[in-house]
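Please keep the sequence and the structure in view while reading.

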Amino acid sequence: MIELNNVSKSFTLHNQGGAVIPVMQNATLCVEPRECVGLTGVSGAGKSTLMRVIYGNYLAASGSVVVGGVDVAKAEPREILALRRETLGYVSQFLRVVPRVPTLDVVAEPLLAVGTPEGQARDKAASLLAQLNIRERLWGLSPTTFSGGEQQRVNIARGFAYDFPALLLDEPTASLDAQNRATVLGLIETAKARGAAIIGIFHDEAARETVCDRFVDVSVFSPKALA
Amino acid sequence: MTPLLQVKNIRKFYGARIGCKDVTFDLYPGEVMGIVGESGSGKSTLLNSLAGHLAPDCGEVIFDTRADGPVDTVTMSEPERRMLSRTDWAFVHQHARDGLRMSVSAGGNIGERLMAVGGRHYGSIRERAADWLARVEISENRIDDRPSAFSGGMQQRLQIARNLVTGPRLVFMDEPTGGLDVSVQARLLDLLRGLVREMGLSAIIVTHDLAVVRLLADRLMVMKDGCVLETGLTDQVLDDPQHGYTQLLVSSVLHV
């Protein structure tokens, strides 16, 4: 479902003396449906960078990043957007939303984007928000004013609203209490059972051991390791 | 899929001075493209050349018309181009007063475009005008007021209603949120996003506000000195800019 071949990435800082910072080299990785792969490595090793390259947020310098048959490294913007709408979900560490939009609509949006009828989309959103212990009186408000933990849970609800065939999870259990953590792990298990291919970053070791089938240490992709 | 708009090697000079040059891109149905750059970068010249307000020195602007398929709008006759700009095209000006008739009522402003495409029944024209006022969050009891009695934000929303009432497929926007205060801006962006999704519009938005394009545009084109420096998926260009100028532009934004 997700297949990376010899992917490399570097940043060129044109306004800081043209410094070139190589951050990734020969990244090769394959994730099948019903599988959850955990990315490991110390902070700064490039776990989130790898995830952003797969999502098309960062431009890969070379190699191929094939998700559901589309090579993200070479695809047109509209192909990547279609991929993000229909195939590839991403739960980032931070919630980024349009001001003024109520929480329920924020969560229902991925469903509406693929043409789910409005009532059905809202029901699914409501059930996810309830599962993640977001109080009902907050649903009509914009999540921009919520606490960090609440925003994180809204973000997760949004990521799991539509059944994406492939999912990227950047620390989905960080800053959650035990009960909510268990709910999120349950959502991940359910997604796996329905056939999703998942790549996750988990700092929480117990969570990692529960849901991941295998691990990839991203520090082997760092250019230093080759030198 | 056929692109809705194919732009090929558009070039516009003002005497010896450059307006814009060698601009080529395809826009597909439902796509929203942002054009960013500092003032003087040629983004408005490009927009006006595409929309037929300026005659480009060379190049083609091929639009996929409903009746005849792809047609070059640069070489089409003036009446044909005017018909296009009343039906399938819309242009939202930065200053609402450039796009509105200030001495005609709000309802009349919306109705005028309907009449231009053959609407004749007063009752149904007024009904659609009232419906569109509601969609852009203007109270129906203001339908007989002139836009000169409206606030800047209301005028801008009225201009959008006037433009979208005929169900265009392509909307050109020149700094649609420029000159509005931030709370009004947020409301307008929210409105535009909703309309773009509901109506499946394609749009080309010129702005210098990177926050606006992040929210509205699917893809981005960065211009400087009349040339296109970088294009790509909006969040990719903003989060991982490849060109030095784009990096400078992105890193110059103040965060609140």
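K9(A) lies over the face of F11(A), 4.7 Å from the ring centre. A charge counts as sitting over a ring if NZ of Lys or CZ of Arg is within 6 Å of the ring centre and within 35 degrees of the ring normal. R84(A) is placed over the face of Y55(A). The table lists these two contacts.

| Charged residue | Ring | Distance to ring centre |
|---|---|---|
| K9(A) | F11(A) | 4.7 Å |
| R84(A) | Y55(A) | 4.1 Å |

The model is predicted: local features need pLDDT of at least 70, side-chain atom pairs count only at pLDDT 80 or more, and totals for chains, interfaces and linings use all residues; side-chain values use heavy atoms, without hydrogens and water. Residues are numbered from 1 along each chain as its sequence is written, while chains are lettered from A and ligands numbered from 1 in the order in which they are written.

**Aromatic pairs**

Over all chains, the whole structure holds six aromatic pairs. Rings of Phe, Tyr and Trp (its six-membered ring) pair if their centres lie within 6.5 Å; planes under 30 degrees apart are stacked, over 60 edge-to-face, and the rest tilted. The ring centres of Y55(A) and Y90(A) are 4.7 Å apart with planes at 45°, so this pair is tilted. It links distant parts of the chain, with Y55(A) in helix α1 (residues 47–55) of chain A and Y90(A) in strand β6 (residues 88–91) of chain A, 35 residues apart. Helices (H or I, at least four residues) and strands (E, at least two) are DSSP runs, numbered from the N terminus. Y55(A) has 15% relative accessibility and therefore counts as buried (buried is under 20% relative accessible area, exposed over 50%, partly exposed in between; 1.4 Å probe, protein chains only). In chain B, one aromatic cluster is formed by F63(B), W89(B), F91(B) and F172(B).

**The sheet of chain B**

An open sheet of six strands in chain B has the order β6-β7-β8-β3-β9-β10, with mixed pairing. Its edges are β6 (89–92) and β10 (227–233) of chain B; each has a single partner strand, so one side of each lacks a neighbour in the sheet. Two strands pair if DSSP finds at least two bridges between them. Strand β9 (residues 219–224) of chain B pairs with β10(B) in the antiparallel sense over six bridges. V222(B) has E230(B) in β10(B) as its bridge partner.

**Domains of chain B**

Domain 1 (1–88 + 169–256) and domain 2 (99–167) make up the domain assignment of chain B, with bounds from an automatic or database domain assignment. Their centres, taken over C-alpha atoms, are 25 Å apart.
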